[in-house]
Amino acid sequence: MADIDTAGDELELLEQSLRKTMAAATGGELDRALTDLGWHEMLTDMPDIAIPLVFRLLGETGSHAPLLNDVIAQSVGLPLGGTIALPFTGGAWVVWERDDRPGSTVDDELPLHGGPAGAEIPLAAARRALAWWLVGSSRAMLALARRHALDRTQFGRPIAAFQAVRHRLAETLVAIEGAEATLGVADDELGALLAKASAGQAARTAARNCQQVLGGVGFTAEHDLHRHIRRTLVLDGLLGSTTELTRAAGTHIRTVGHAPRLAQLH
């Protein structure tokens, strides 16, 4: 029991350190800071802990770094620290550069630049990483909407008291929890594909519902919601959009003639 408590304390301290680092830096600066913090070693020695933790925190904090390159490189045995051509929705290919040059997507904070088609590579680990990032971003949007619902008053009471607002927030939470549950059993190619699709759908649900709860303020440049929405739009399209992946899963099931059991229910 003591060993479990110690491991839990160490993980909590690691999360606090990562969150503090991400709150202070983003982009190339964050890439370098995480490397100094031991990101490469964490990815190599404990990927099952490092990937969910780091990518979820990227979403929750709204920061970004080109770590997806490292996840793919580690999964195929390439050196860490480089870049790899990544498939994007619609048959396009992009490179996530390790600098801060404005990108060419709707979220120009991300240094994603179009390029030639790359080699076919395993995408399961990278899709799980993006799914965790989308889950983190969805939770960030939900937190913003919940805070607004508690603070904003109409007719003498917080709008969180209105049933329509509660339903939108509840629907968002259910979608996020469902995506996390899917990630919990995403231990093969199909599972990772479905987890990415589920997380993308949760992010779409969060963006739609949280925008409705926030109303006009959510459209303003001063509010953080629009940044999370633009981020999730790009992440959803990377390595296959929700629509494309759902179609691919259906094609796979039709081809093999049955739907695999993804989780054992007892």
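Two strands are taken to pair if DSSP finds at least two bridges between them, and strands (E, at least two residues) and helices (H or I, at least four) are DSSP runs numbered from the N terminus. The model examined here is predicted, with local features requiring pLDDT of at least 70 and side-chain atom pairs counted only at pLDDT 80 or more, while totals for chains, interfaces and linings use all residues. Residues are numbered from 1 along each chain as its sequence is written, and side-chain values use heavy atoms, with hydrogens and water left out.

We can start with the sheet. In E3, His 113 is the bridge partner of Val 95, and Val 94 stands opposite Gly 114 of E3. Strand E3 (residues 112–114) pairs with E2 in the antiparallel sense over three bridges. On the E1 side, E1 and E2 are likewise antiparallel, over four bridges, and Phe 88 has Ala 92 of E2 as its bridge partner. The hairpin of E1 and E2 has three residues between the strands, and Gly 90 there takes a positive phi near 80 degrees. Together, the three strands form an open antiparallel sheet in the order E1-E2-E3. E1 and E3 are the edge strands, each pairing on one side only. Neighbouring strands of this sheet are turned against each other by 40 degrees on average, direction ignored.

Turning to the helices, H4 (residues 47–61) packs against H6 (residues 124–151) at an angle of about 40 degrees, with the axes 6 Å apart. Axes here are lines fitted to C-alpha atoms, for helices over the stretch in contact, and angles run from 0 to 180 degrees between N-to-C directions. H4 is therefore oblique to H6, given that angles under 35 degrees count as roughly parallel, over 145 as roughly antiparallel, 65 to 115 as roughly perpendicular and the rest as oblique. The contact (heavy atoms within 4.5 Å) involves, among others, Ile 51, Phe 55 and Leu 58 of H4 and Trp 132, Trp 133 and Arg 139 of H6.

Helix H5 (residues 68–76) provides a further element of interest. Its buried residues are Leu 68, Asn 69, Asp 70, Val 71, Ile 72 and Ala 73, where buried means under 20% relative accessible area, exposed over 50% and partly exposed in between (1.4 Å probe, protein chains only). The cover over these buried residues includes helix H3 (39–45), H4, strand E1 (85–88), strand E2 (92–96) and H6. Just after H5, Gly 77 takes a positive phi of about 80 degrees.
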